[in-house]
Amino acid sequence: MRLIRVTLLLLTALRAAAGAADRPLAGMEGKKIVLIAGKVSHGAGEHEFRAGCLLLRDCLERLPGITAVVYSNGWPTRLEGAKTVDDHAAFHGVSAVFIYADGGGGHPAIVPERLRILDQLARQGVGIGCAHYAVEVPRGEPGEAMLRWIGGYFEMHWSVNPHWDGEFVSLPVHPITRGVAPFKIRDEWYYHMRFPEGMKNVTPILTAHPPTNTLQRADGSHSGNPFVRAAIARREPQHLMWAFERPGGGRGFGFTGGHFH
């Protein structure tokens, strides 16, 4: 049941990102959602990007008017003669893009041309969502792009990635949380994410207080740093899923769980 609640949150977030959150099901014609599943990187049951995207696709396509397309092994590509090239046509007519993949230096979107493509889609109002490791990108232009697209990201030497029991005792009133009850589940919940100053245009969806034992590891790029330790000592709530309303139009969201499947 707890996994069903997590899946429902992602489904409603995708529906919101596609601009259909406030529409009746009968008014959702022509919504195309592209789901980018990253390459295999872990053993069975962890980082199951393809399996997760296929599950979301099957659920999304139960809704009338929605077409969901899964691209496996990273960014959409096509053969051009004997050469594999990016398939930008995959994004024609898209309403939302979801990325569930490894991140950091291996994030499928950080190639400059791909950043440009997603920036263009975001300016056109296309929704963008990222889950688990896909919320992490390098600082600099990729990080600034994530702030523009989804309103937050995992920044090395600022954010952390421990495994712990996230307990969500209350949920905000929001289209994404409709039908979802409070729950508790173990995952690799990233926290202390990098958000815009003052959380401008960001709405927290899943918020929890990580226990102090999540910072038992030595300081490192993902394990701990003075900033996160001070935040937890102050009992600052940590936002593990959020929604973003772009000032120029369009929506985004980030979800830090999803390590296990």
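**Notebook: aromatic pairs**

I looked up Trp 189 and found it buried, at a relative accessible area of 0%. Buried means under 20% relative accessible area, exposed over 50% and partly exposed in between, with a 1.4 Å probe and protein chains only. The model is predicted, so local features need pLDDT of at least 70, side-chain atom pairs count only at pLDDT 80 or more, and totals for chains, interfaces and linings use all residues. Residues are numbered from 1 along each chain as its sequence is written, and side-chain values use heavy atoms, leaving out hydrogens and water.

I then counted ring pairs: the structure holds 11 aromatic pairs. Rings of Phe, Tyr and Trp (its six-membered ring) pair if their centres lie within 6.5 Å; planes under 30 degrees apart are stacked, over 60 edge-to-face, the rest tilted.

Which way do Phe 168 and Trp 189 meet? Their centres are 5.2 Å apart and their planes at 75 degrees, so the pair is edge-to-face. Phe 168 is in strand β7 (residues 164-168) and Trp 189 in the loop between β8 (183-187) and β9 (202-208), so the pair ties together parts 21 residues apart in sequence. Strands are DSSP runs (E, at least two residues), numbered from the N terminus. Phe 168 counts as buried at 1% relative accessibility.

Next I checked Phe 195 and Trp 242, an edge-to-face pair at 5.0 Å centre to centre, with 90 degrees between the planes. Phe 195 lies in the loop between β8 and β9, and Trp 242 in strand β10 (residues 238-245), so this pair ties together parts 47 residues apart in sequence. Both Phe 195 and Trp 242 are buried.

Last, I noted a cluster: ring pairs link Phe 49, Phe 98, Tyr 100 and Phe 253.

Note on methods
Helices (H or I, at least four residues) and strands (E, at least two) are DSSP runs, numbered from the N terminus.
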